[in-house]
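Dear colleague,

I am handing over the structure below, and my notes on what was found in it follow. Please read them with the coordinates open beside you.

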Amino acid sequence: MYSHNATHRSCLMIFARYSPGYTPAIGFNVGSWRRTISLFNAVQDDKPFRCKSAFQVFDDFDLYPSKKPKSKSSTVAPPKPKKKPSVVQPRSPKVELPDLVYEKSKPQLATLNDSGTHTPAADQVRLVLPLRENVEREFIEYYCLQHSLTVPQPISTEVLPTRHKRRKNRRKVTNMADIGWTTKIVLPKHTTLEGVTIPAIESTAHQLRLSASREDCEQVFVRRLLDIVAPEIFHAFVAATAPFKEKLDIVLRDPVKILINDESVLDQLETSIQNIRDIGAFSSVKSDPQSHADNEFYRHSKHPTNIVRIMASMVPGAVDKSLPIASRYLELINMINNNSVVIVSAETGAGKTTQIPQYLLYHHEQNPETPAPNILITQPRRIAAISIADRVASERGETLGDDSSVGYSVRFKKVLPTVSAEKGSAVFCTTGVLLRRLKNDPSLSSVTHVILDEVHERDLNTDLAMIAILDLIHIRPDLRLILMSATADISLFQNYFKRDKALPPTIHVTGRMFPVTEKYLEGCLMSLNSVGKYRTFISKSRECQRYIAAEAPDQYKMEDEFEKSKRMSCDTPLDLMEALICHVLEKTRHANDAVLVFLPGWAEISGLQRRLIADRFKLGITNATKYRIITLHSSMPQSTQQSVFSSPEPGVRNIILSTNIAETSLTITNIGCVIDSGKMRITTYEPQRRISSLDSVWASQSNIKQRIGRAGRVRSGEYFSIMSSDRLRSLPYSLCPELLRIDLQSAVLMVKALHFPGGDIKSIFRRAPQPPKDSSILHAINSLQALGAIDDNEQMTSIGEIMCEMPCDPWIARMTLSGFMFNCFDPILTLAAVMTSRSVFSFHPEERAIARDSIRNKFGKDTDSDQILSLRAFREWQQSGECWQFSKSNWIHHMAMVDVSRTRAQFYKVFLQYGLIRDTSRGSKSGNNQLLGGRSRNTWSSSPEVISAVLCASLYPNCAQVTGRNVYASVSDHRFGDFRAQLRLDGSSVNAWKYLTRDRSNPTSTEPVLPHRLLSFSERQSVDGVQFMRQTTVPSTTALLLLAGTQTLTWALHNEIYSVLMDRSLSIVVGDRRIATKLREARTYLQKYLDWSVGRSKLLLSSEERALRRSLGDQLVKTVAELLQQKPTPPKNESTE
């Protein structure tokens, strides 16, 4: 093949050969010379050029000028005319037309002649391929693939110069006419998919360069192929091979539609609705009245007012006098006897949590004539309630569950006191258990004392409990409320519980704290820099340098590349934490005390654990006879959490990696050193867009005070923090209450369930110590009304009562009711439990890619739902006999699966409690799986379409539309005018782009591979400013219209086609009047049937009437389920027509 430079040299060689002895200035036409120079420069500058032949250039030159001018009289025979070489036409330039544009030209499209072959048809448009590189070759390959033909390959032949005599008695010359390359492409005769015979297609092109020859040949070939190809093939090629963005734009031009293939289903739907309408079934369904409207219980309850109370005059001998709070025994007992509300501010180590309940029991034992105390003590966490109950029972010489006056009650587990009621009892529980007790017994009739411990944490349940008890103490003057904390804002609670301008009394108890040496970032760096290996490690760690630049820019000068980091908030530097832990362990190698490390969350705990196990600094941390690493997190099973209290073997030091769960209530013995990251994770919520953010934030000063106190409980200790001292001084005293930063739907339901006297929902929330915004309350009310939990009068419906009983978010509870109605009860209960619990999969971050692919290949084949993937994993885990080895070999979190099994059993009990399901139905089995609800409630449990429909309808308005690869835009954002917010799809999702391209790419398919247009998601989470969708499923537009709980539905008519706008955000084209009418009526009657199924109004009917209505409702559900099972396929080339 000739290159440009080779062509240049050839031309110069030809010139030198045919002009021997002549200089360029002699015998040459000036214009010809300039053209020659221009040609050579173009070639040398690598510019493309076209000519009929190489010899054509020299036709302008006078290569044979005479040496002397001839006289006029001399005759010279005229030269023979030159034989013109065969000419190959140059390449035609591409016509610059946009994609999918037709060009009016000569007859191009083919028609069938009498012989069955194609001939061009006149006066038709010409198809033009998109303008991009190698598009001709792509079209040839695509056409052959569709017709099962072998792709023709271009055959190129090099044409070398030939020599022949120019004239008689002259030297031989070289013919340059055909020099270059000739390329030929041939497609044999074949038959199209429509049965049309296509004759052989052949094209030939000649050019100086090989690449140009092949390109010209392919252009001519494709031009001829386009003349005879069917337009459908052309449009399919354009759609399949267009760039990703163009494909996506083509799809997004069409509206979201409901496509129904089988019209007979509409006939069945019409019949079912007409049968319901004929007898007026479900037409009179209304919200059930509140069973405790306006809190009738409070009005008619009678409680003793003449209670015998005896002041304490002496300290019982059983009181542990070594604790500081023992000196205030008499004052405490007398203050509690004389006041409805008492605030105890006791520092860390004072003994308030374990001793005050015992003081109340001791006082009754000294004075049997007083009422026996029945004490409820709340703790913010389950592990605290269990461990403290065990500690108190042990101090009293008792064993939990065996003739003990002490017990505990937490989710999934409880051990209640076993002594007689006359002796008194104390039950440690979570605040959630207290709220359920208030719901079932609004007056707490058998309770004498309520102790709210750690009130400074201000979780949602604690605030709701204070609202309820604030009203209750006015009705029950005998009830005593004790608020306890080490770091609470006393004035806030005093003003909240003041009565008749009288503030509740407060007692302050100093703690038993040993001296604690505190070091912050500046001191920690000074200590680390004094040791060479740590100084070198920190200087080489980019993570450490970035953190130090951001946290302490004044004390330490960093390199220029970190200047930007000074203005940013950095994540927890695990390298720095590792170096600090190892330095402390090495410095105190002869000590036996434990090291407690506070970290924001599980990601940091697991990451730091891996670093320590790697033993970078050669301390022998992996030696079990020297060290033991213990992790402590709220998601861990209780048996694992309890290991933190066990004493290690002699000579073994515990390294405890914990979240803020170890901040309060727990007393872990033998802690001599605390290493603090200074951060914690909190959940915030944006109600309008349902954005849940799990953010790592700086702890408050009260949190830091609690953490420091952990180091001085049993001996003098040390506290190391990687926050700067300036940062410490800038921290707020306490964090924002949970009531102000979470979704209030569950709180609104609980408020309605507690039957607060008087006032609407907003006025009740205004009674909180720090009320939430009215906009947040209103959004929660509207959402619950869309779910059918409360009516327009803010009264709780039967659906709402069941939702309130379930330990999950309201939309998840509504999903279980829809699963009950659609007879896919067991899988929906499992999905609800999965979404309530933590992730059911567990793997090492370094094995993330392998684990994700393995999980997806085993459980996620042929599904477009992450939730159904988890459902399949649970079913196989069940079939394995809940085997631990199965969990380990399949990346399954075994204890998470155990929690899922327990949670769905708890959901099932709620349905039993309300009489929706008979207990005998639980025994039905399918294979090795136990079907909760029996076969009658699991007719559609094997239908992924019905399960996904119920799931996605419950997830609404968590729905997003695609804008790019793994990038979506939430439809609800459009309602609030935000058109630029983007949601990232988690790479582990089965709907991620890498899995779509892997599974759906098919060389024989004409359909383009594109992301799913719509995705429903369980959670929208913001991590470091980037919003992610978690747990996604491809929704059915029919399911969204029929089952989703919407606040508004706006119907519109255009060109006899109906469309609906859901909540002013998602527009769906429904169809003609018949389709729109039937779907709208089906939606209405499905809601009415669900209300009737769970309501009490059906009890007023006879058994025959109930059976008739139930059969009609089940027939409607069956018809809708069959409609949901359809897999509509849009018409071909719809986007291009």
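**A hairpin, a helix pair and a buried loop residue**

In this model, which is predicted, strands β31 and β32 form a hairpin with two residues between them, and asparagine 966, which lies in the turn, has a positive phi of about 60°. The two strands, β31 covering residues 959–964 and β32 covering residues 967–970, run antiparallel and are joined by four bridges. Within this pairing, glutamine 961 is the residue that stands opposite alanine 969 in β32.

Turning to the helices, α30 (residues 866–879) packs against α32 (residues 894–913) at an angle of about 95°, the axes being 11 Å apart, and α30 is therefore roughly perpendicular to α32. From α30, the residues Ala873, Phe874, Trp877 and Gln878 meet His894, Met897, Val898, Val900, Ser901 and Arg904 of α32. Sorted by class, this contact of α30 with α32 has six nonpolar, three polar and one charged residues.

The last item is isoleucine 621, which is found in the loop between α19 (602–614) and β23 (627–632). Because its relative accessible area is 4%, which is under 20%, isoleucine 621 counts as buried. Leaving aside neighbours within four places in sequence, the residues in contact with isoleucine 621 are Cys582, Leu585, Leu612, Asp615, Tyr627, Ile629 and Ile655. Of these, leucine 585 is 36 residues away from isoleucine 621 in sequence, while the C-alpha to C-alpha separation of the two in space is 9.6 Å.

Notes:
Residues are numbered from 1 along each chain as its sequence is written. This is a predicted model: local features need pLDDT of at least 70, side-chain atom pairs count only at pLDDT 80 or more; totals for chains, interfaces and linings use all residues. Side-chain values use heavy atoms; hydrogens and water are left out. Axes are lines fitted to C-alpha atoms, for helices over the stretch in contact, and angles run from 0 to 180 degrees between N-to-C directions. Angles under 35 degrees count as roughly parallel, over 145 as roughly antiparallel, 65 to 115 as roughly perpendicular and the rest as oblique. Contact means heavy atoms within 4.5 Å. Ala, Val, Leu, Ile, Met, Phe, Trp, Tyr, Cys and Pro count as nonpolar, Asp, Glu, Lys and Arg as charged, and the others, Gly among them, as polar. Two strands pair if DSSP finds at least two bridges between them. Buried means under 20% relative accessible area, exposed over 50%, partly exposed in between (1.4 Å probe, protein chains only).
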